Amino acid sequence: LDKRGTLYLIAIGIDAYPLLPASLCTNKDADGNPTCNLNFPGKDAAAFHQAMLKGLGSLHERVVDRLLVNAPGKLAPTADAIRDAFGLLSVAKPNDTVAVFLSGHGYNEGQNFLLVPTDAEWSKETGSFRRSRAVLWSEIQVALQNAQGRRILFMDTCHSGNSHAGALEDAAYYANIIAYYSARWDQLAIESAQYGHGVFTKAVVEGLE
């Protein structure tokens, strides 16, 4: 009786930002130079993906998954690829489970939260990201709310608990959505060389295992 239908598993880890000017970011590379690249989102997404497959995959009749990371032979986490992955959720049914993991740069633009994909570009004219190369929070929220079944969101990004989180939390009880955020609207998410992961993801994966 507890057998679930389909597990829809989306894990996105964005390490590389080749088109962004380093002046936008406070990160440093191995030589101490400014960079927008991150160290561990790809490893975070892969670890989450594996842990969820191991823990939840066998409880479902089938699995539909997408792992988007900056790695050879893998599907890169571009804006279009991220949107296509969220499009899979539109067919989730009441007996299905949706699990989504996002790791990379998060950006506050007023009260709007943007997930910054690997092909993001900065517009000098508008002083913001090009809209076609950024994933708006509204896109993520609509994809989750239009899906059915149990829905779980994990966000290991800076500023992930922005004001947008309240709207999702208000609907969470009735919509069967659970969301976990690594940082408040005014906080940075921390990467740890000691753990080889983001600190939030390290805790989540240990808990899942």
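This is a predicted model: local features need pLDDT of at least 70, side-chain atom pairs count only at pLDDT 80 or more; totals for chains, interfaces and linings use all residues.

Colleague: Which residues of α2 are exposed?

Modeller: Asp 80 and Asp 84 are exposed, on the other side of α2 from its buried residues, which are Ala 79, Ala 81, Ile 82, Ala 85 and Phe 86.

Colleague: Why do the buried residues of α2 line one face?

Modeller: Viewed down the axis of α2, they fall within an arc of 165°, so they line one face of the helix. In general, an α-helix has 3.6 residues a turn, so residues three or four places apart point the same way.

Colleague: What do the buried residues of α2 pack against?

Modeller: Their partners include the strands β1, β4 and β5, as well as the helix α3.

Colleague: Let us turn to Phe 86. Is Phe 86 buried or exposed?

Modeller: Phe 86 counts as buried because its relative accessibility is 7%, which lies under the 20% cut-off.

Colleague: And which residues does Phe 86 touch, leaving out those up to four places away in sequence?

Modeller: Phe 86 touches Ile 10, Ile 12, Val 100, Leu 102, Ile 140 and Ala 143.

Colleague: How far apart are the C-alpha atoms of Phe 86 and Ile 140?

Modeller: They are separated by 7.4 Å, although the two residues are 54 residues apart along the chain. Ile 140 and Ala 143 are among the buried residues of α3.

Technical notes:
Residues are numbered from 1 along each chain as its sequence is written. Side-chain values use heavy atoms; hydrogens and water are left out. Buried means under 20% relative accessible area, exposed over 50%, partly exposed in between (1.4 Å probe, protein chains only). Contact means heavy atoms within 4.5 Å. Helices (H or I, at least four residues) and strands (E, at least two) are DSSP runs, numbered from the N terminus. The arc is that of the directions from the helix axis to the C-beta atoms.
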